[in-house]
Amino acid sequence: MIDMAPFTLSIQLAAVTLAVLLIIGTPLAWWLAMTRTPFKPVVETVTALPLVLPPTVLGFYLLVFLGPQGWAGGMWNAFFGRPLTFTFAGLVVASCVYSLPFVVQPLQGAFERLDRRTVEAALTLGASWPRTFVQVVLPQVRHGLLTASVLGFAHTIGEFGVVLMVGGNIPGETQVLSIAIYEHVEALDYAAAGTLSSILVAASFVGLLPLYSQARKRRKWREVSA
Amino acid sequence: MTGICIQATHRRGGFDLDVQAGFSDGRVTAILGGSGAGKSTLLRLVAGLESLKTGRIHVGGRTWADAAAGLHLPPQKRSVGYVFQDYALFDHMSVAGNIAFGIKGSRKERGREASRWCERMHLDGLAERTPDTLSGGQRQRVALARALAPDPDILLLDEPFSAIDTHLKRKLTDDLKDVLRDRPRAVLMVTHALEEARTVADDIAVMAGGRVMRLGTASDVTDDPRAHEVAVLTGWRNLLAVGWMSGNRMGGAWGAVDLDHPAPVDAAWIGIRPERIRIESQPGAGLPAIIKSVRDFGPVREAECVLGCGATLTVHKAWDTPLPAPGTRVGLVLPGEHVRPLTEGRAMAAVDRCDARGRQARA
């Protein structure tokens, strides 16, 4: 019988990471889309770094940063009385950094394509900022939001290097799906590795399919209305 | 109720706006100008979508913005009906949802009010459609209904006809005039088309280079533009540079005319409407000219005449008026009562109809 704990842990990690990223990433993406500051390219580059850095490099810095001697790890330890590395919370922080560009970039693109005059129209009609955001902005960026969510979620499920560096391989605590597969292969248990891998492939397919059928529908709709 | 009083400067990316103007309640003012004149920026300042560098804006006796006091009411607090260029409708909502967006009250009241507006703007039957399935004229009416439904203090229209086919414009300008007729409040409409301005507006404000060059009733402004720039924007095609003047007599390389009153000392041009020029076939009468071409434009017969100095004057007559053939030497008579002296423009002070407390002195 295959242990499903790594699968559940991966889903949990991806869900929590996505929730945190949407909360942090949405205002960041909005700011990047609207700002006229000359520092915008700098912030954009920093946000995009996780795309190009090898996961081990990112994982190394995160390990140092989140470790007991690190700035964030030390603060966490002082506050909660336990370390951040090799825990689920540590994995969430690391995954957020790792998957940040996958959430921020689609959202930023969606905000940039937004018809800003509709926002201004809502404001002149007396709508508050929160109401404008919920009723006017969100419906217009829903496709970007969906893309950001699917990519952010899927990317977190698939991470390996960063998780291994920061979380290690503790079954039930930090042993996510990709690491469990690696361990099964190391132990030459190809059957178990194959089963987990096929679950991952199937889940990714099911996750991405709605995204691309959405895009197809939108294209079709556009052709009809044009 | 005292209309809109603006005394403001604004700066963005090298463009300066410096406006002093008062717009009365119950009147529709067309803001006329070329692109880059600052027309839309003026509307955005009034709506609170841009902030002032200096000066203040009063509407209906309330202060909406005062740079010196650091006051800048956000757009939500200003009570502005704003019809954007291309309308900026919410395409993800129904027509009724668009119109109800700014209305206060319970869901039921908003729904009732929205359907009343649908009926009033001839949108019945379209309430549940989304705006992207409507025609240009229908979209314009949705935008108007959405802006008017919350009963705003003022109404701002930014190029309301830019997305409308030419053949529909005439009917829609008439419709708009009907909708605006009962408005007790001030209405500002940005346009670059003189025809729209004359059809819809009571007053015309001509803007150029970020300033209001002339503000007055539509007929005053178009009949007596006073400044060269204003004349160009209000469709005056016959403009001649003035080289000298003596009493009522003004002249240049093209010859001379006698006005029926002394010209202002800073007059640098004269202008005359094409339909006011008389063509004389006897030599010696008026300015000597040669007819270059004669063409018919619907009910108007237009003759292009070249003066001795090379300047061209356009003459309009009724389509059935016989005109000399091209190449004929004629005399052009410019009757003094129809010749308008024009200043260079920039130096002319903008009309200031606001006193220090922002109240408006009706000119």
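Modeller: A salt bridge here is a side-chain nitrogen of Lys or Arg within 4 Å of a carboxyl oxygen of Asp or Glu. You're looking at a predicted model: local features need pLDDT of at least 70, side-chain atom pairs count only at pLDDT 80 or more, and totals for chains, interfaces and linings use all residues. Residues are numbered from 1 along each chain as its sequence is written, chains are lettered from A and ligands numbered from 1 in the order in which they are written, and side-chain values use heavy atoms, with hydrogens and water left out.

Biologist: How many helices are there in chain A?

Modeller: Helices (H or I, at least four residues) and strands (E, at least two) are DSSP runs, numbered from the N terminus. Chain A has zero strands, and its pattern along the sequence is α-α-α-α-α-α-α-α-α-α-α. The helix count is 11.

Biologist: What percentage of the contacts in chain A between residues at least 6 apart join residues at least 24 apart?

Modeller: A contact means heavy atoms within 4.5 Å. Take the contacts in chain A between residues at least 6 apart in sequence; the share joining residues at least 24 apart is 70%.

Biologist: How much area is buried between chain A and chain B?

Modeller: Chain A puts 20 residues into the contact and chain B puts in 23. Buried area is the accessible area (1.4 Å probe) that two parts lose on being put together, summed over both. Carbon and sulfur atoms give 59% of a total of about 1,700 Å².

Biologist: Which residue forms a salt bridge with B:Arg44?

Modeller: Across the interface of chain A and chain B there is one salt bridge. Its closest N and O atoms are 2.7 Å apart, and the partner of B:Arg44 is A:Glu120.

Biologist: Which helix gives the most to the side of chain A that touches chain B?

Modeller: The two chains have five residue pairs in polar contact, both residues at pLDDT 80 or more; that means a pair of N or O atoms within 3.5 Å where, within protein, one must be able to donate a hydrogen and the other to accept it, and residues adjacent in sequence count only if both atoms are side-chain atoms. On the side of chain A that touches chain B, α6 (116-124) and α7 each supply at least two residues. Giving the most, with seven residues, is α6(A).

Biologist: Is A:Glu120 buried or exposed?

Modeller: Buried means under 20% relative accessible area, exposed over 50%, and partly exposed in between (1.4 Å probe, protein chains only). B:Arg44 has 18%, so it counts as buried. A:Glu120 has 14%, so this residue is also buried.

Biologist: Which residues do salt bridges that share partners join into one network?

Modeller: Over all chains there are 19 salt bridges. One of them, at 2.8 Å from N to O, pairs B:Arg301 with B:Asp296. The network built through shared partners holds A:Glu120, B:Arg12, B:Arg44 and B:Glu50.

Biologist: Why is the pair of A:Trp30 and A:Phe133 edge-to-face?

Modeller: Rings of Phe, Tyr and Trp (its six-membered ring) pair if their centres lie within 6.5 Å; planes under 30 degrees apart count as stacked, over 60 as edge-to-face and the rest as tilted. The whole structure has 11 aromatic pairs over all chains. In this one the centres are 6.1 Å apart, and it is edge-to-face because the planes lie at 75°.

Biologist: How many residues apart are A:Trp30 and A:Phe133?

Modeller: A:Trp30 is in helix α1 (residues 5-34) of chain A and A:Phe133 is in helix α7 (residues 129-140). The pair links distant parts of the chain, with a separation of 103 residues.

Biologist: Which residues do ring pairs link into a cluster with A:Trp30?

Modeller: A:Phe133 is partly exposed, with a relative accessible area of 23%. Ring pairs link A:Trp30 with A:Phe111, A:Trp129 and A:Phe133.

Biologist: Over the ring of which residue does the charged end of A:Arg131 sit?

Modeller: A charge sits over a ring if NZ of Lys or CZ of Arg is within 6 Å of the ring centre and within 35 degrees of the ring normal. In chain B, the charged end of B:Arg146 sits over the ring of B:Phe90, 4.5 Å from its centre. For A:Arg131 the distance to the ring centre is 4.0 Å, and the ring belongs to B:Phe101.
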